[in-house]
Amino acid sequence: MVSIKELPREEYLLKGHAACAGCGPSIALRLLFKALGNKVFLVVPACCTTVIQGPYPYTSFAVPLQNMLFEATGATASGIAAALRIRGLEDITVVGWAGDGGTVDIGIQALSGAAERETNFIYICYDNEAYGNTGLQRSGATPYGAWTTTTPTGKKERKKNMPFIMAAHKIPYVATACPSYPTDFVNKLRKAKEIKGTKYIHVLAPCPTGWRYDSSKTVEIGRLAVQTGIWALYEIENGKFRLNFPSDRLVDKAKRKPIKEYLSMQERFRHLTEAEIEKIQMWIDEDWEYYRKLASSEACV
Amino acid sequence: MAQIVIDTANHIAGYAAKAARAKVVAAYPITPQTTIVEKIAEFVESGEMEAEYIRVESEHSAMAACIGAAAAGVRTFTATSAHGLALMHEALHWASGARLPIVMVVVNRAMGAPWSIWPDFSDSLSQRDTGWLQFYCADNQEVFDTIIQAYRLCEDERVFLPAMVCLEGFLLSHTYMPVQIHNQNEIDDFLPPYKSGWTLDVNNPVTHANLVSPEWYMEFRYMIQEAMENAKRLIPEIDMEYGRRFGFQYGGLVDKYQCENADLIICTMGTIGCEAKVAVDNLRKNGLKVGAARIRVYRPFPVEEIRKLALQARIIATIDRHISFGMEGFLASEVKASLYHMEDKPLIAGFIAGLGGRDVTFKTIEGIAQKSLKWLERGRVEKETEWIDLRE
């Protein structure tokens, strides 16, 4: 396990990038490079990172980056991985870095295909729970009740469980993360780098612009997501489910903060009724009952 | 040693991908393209072809994988048809915009609805404006030779664009013909190892294709136009050099037949060009001054060659295996556009024929010629666009 002091000082996400103040994804991006170094080929589809990198002829990235079509991250990575194999350059890590829309909606086919073909790459979905780049429209990863510009009275459906969809592909490594827990994310990336095959990491990345909270609160919001249990930190390694710190201490409901603490900090949830908050709390508790069973069982996901 | 094989154009396309030493092949099956990717799968699994074969889950992903592989520094190949090509549309723009020299075989097939598996050019011509070079073949030997030539052209630093090599479904794709597969050493000599304008490189980390403001975008488009013009100049040179080395040559941009002193020139694409030659022979026997010009390269369009032909012809008859609904066939439109600035233009008659695989034989073409000559005699084209063999 790496500690925060042991992270490399080198920065490959450079100064002058164009992310919003308090951008959760940009924190995750910085950690990505600290974990993997600069021997990476990055594929970025249309997403907030298209903006973060800055416009031509500038860039804020010190690693080779190929911008690509919205739905094509998985397939593009397959092509790059094949070329690297042919060229004998397999010490380079291929990374797909896509938002939630580019992953759970429009990009799910190419990602599923790449995973089924056992493409050797790390796919990271940085999830800010809406189409941020286009002005905060609802995605399949938007949670129940959340305001977006296309769900002005709140989303009526639940969030798609993408990590478990990926686990169903029988890939060797699936994990969740959150930039509020930097060492957890870095350790997962380093582990993923050493595993051959498709690795999927789903990062909950709070977005002050879309979630409507003060931009100084990004880390706090991420922590609350984990502490309330609406986001759990876990790994599924060769099908075996394991909760990670601090989620592994939160199996007992009494240890988890009430979801209301998380929801009430974000204006996107401010219209929720008590009954709706109750419903969300109930779903979280159900999820945790499932996590508890999975974590204590020999069975694989 | 060169060898003669008797095989279908699809299998021949597989031989050509192998001979070109494509290193990553990404493809998805669609009728009538499938036997290309089956042949390549055989070559790769038997070890005859040293390549990674990515069995993608859609054509969109096939093109995306080719883009990734080409950007990561290897020669790529794919093939598709009709709806598969249409599904790739967005990625076609990306490939040319990223200036990646990908070569793709398009086995021409009509677009639905209704379903059709038979040939016309509505699939590839719908992709006219994607920035891809487009070649149209008339026989299986030309399929092999054009694929090799296309790689050489696309990887020329004055071009760096992708190319489609088009062949008509079933008429060529599933038809056996003898083809000379040239000596591998000589092909290697003609086609050096893969070259592209840029490559992903950890020692030289570039951000490729990030957001470009209106201050810069037009220049990138202009560079593609320049590359197309360069290709127009290079194609006849490459074709001539290929002819000297291997003995097969196709007239560069336009395959001309008996066009000298012809009053009527029949302008075609693809296999209709072969039938047109038979028609010309028959008509010439009857003393009619007829020639045939097969547009081999549709993008870049051979404007200057068309003008040269128009200097001597008194009427040009275009035969389009295609219709741009609400207008006419593209070939008719573009031949007309090419001649607009000429002082003394020939008449131009547009014919639509062979959609969805309907036969266009030399007899059909003789009929087209007779009608065109009649209009020439009367001094005017009586119908701007005539649909041939249409049920009333």
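Helix α1(A) is mostly covered, with 11 of its 13 residues buried. The model is predicted. An open sheet of 9 strands takes in strands of chain A and β9(B).

**Helix α1(A)**
- The helix covers residues 24-36 of chain A.
- From first C-alpha to last, α1(A) reaches 19 Å, close to the 18 Å expected at 1.5 Å a residue.
- Its buried residues include Leu29(A), Leu31(A), Leu32(A), Phe33(A) and Leu36(A).
- Lys34(A) is also buried, as are Ser26(A) and Gly24(A).
- Pro25(A), Ala28(A) and Ala35(A) complete the buried set.
- In an α-helix, residues three or four places apart point the same way, because there are 3.6 residues a turn.
- Gly37(A) follows α1(A) and has a positive phi, near 75 degrees.

**Largest pocket**
- The lining of the largest pocket has 30 residues.
- Nearest the centre lie Gly97(B), Ala209(B), Asn210(B), Val212(B) and Arg221(B).
- In chain B, α4 (82-97), β9 (207-208) and α8 (214-246) are the elements that give two or more residues to this lining.
- α8(B) gives the most, with 5 residues.
- By residue class, the lining of the largest pocket has 19 nonpolar, 8 polar and 3 charged residues.

**Second largest pocket**
- The second largest pocket is lined by 28 residues.
- Closest to its centre are Arg158(A), Lys159(A), Ile230(A), Asp287(A) and Tyr291(A).
- In chain A, α6 (162-167), β6 (198-204), α10 (259-263) and α11 (274-295) each supply at least two lining residues.
- α11(A) provides the largest share, 6 residues.
- The lining of the second largest pocket divides into 18 nonpolar, 4 polar and 6 charged residues.

**The sheet**
- The strand order is β8(A)-β7(A)-β5(A)-β6(A)-β4(A)-β3(A)-β1(A)-β2(A)-β9(B), and the pairing is mixed.
- β8 (240-243) of chain A and β9 of chain B stand at the edges; each has a single partner strand, so one side of each is left without a neighbour in the sheet.
- Strands of a sheet pair through backbone hydrogen bonds, either parallel or antiparallel.
- β5(A), residues 173-177, runs parallel to β6(A), and 5 bridges join the two.
- Thr176(A) has His202(A) as its bridge partner in β6(A).

Definitions and conventions. Residues are numbered from 1 along each chain as its sequence is written. Chains are lettered from A and ligands numbered from 1 in the order in which they are written. This is a predicted model: local features need pLDDT of at least 70, side-chain atom pairs count only at pLDDT 80 or more; totals for chains, interfaces and linings use all residues. Side-chain values use heavy atoms; hydrogens and water are left out. On a 1 Å grid over the protein atoms alone, a cavity is a set of points where a 1.4 Å probe fits but cannot get out, and a pocket is an open set with protein on both sides within 12 Å along at least five of seven lines; lining residues have an atom within 4 Å of a point. Helices (H or I, at least four residues) and strands (E, at least two) are DSSP runs, numbered from the N terminus. Ala, Val, Leu, Ile, Met, Phe, Trp, Tyr, Cys and Pro count as nonpolar, Asp, Glu, Lys and Arg as charged, and the others, Gly among them, as polar. The expected span of a helix is 1.5 Å times one less than its number of residues. Buried means under 20% relative accessible area, exposed over 50%, partly exposed in between (1.4 Å probe, protein chains only). Two strands pair if DSSP finds at least two bridges between them.
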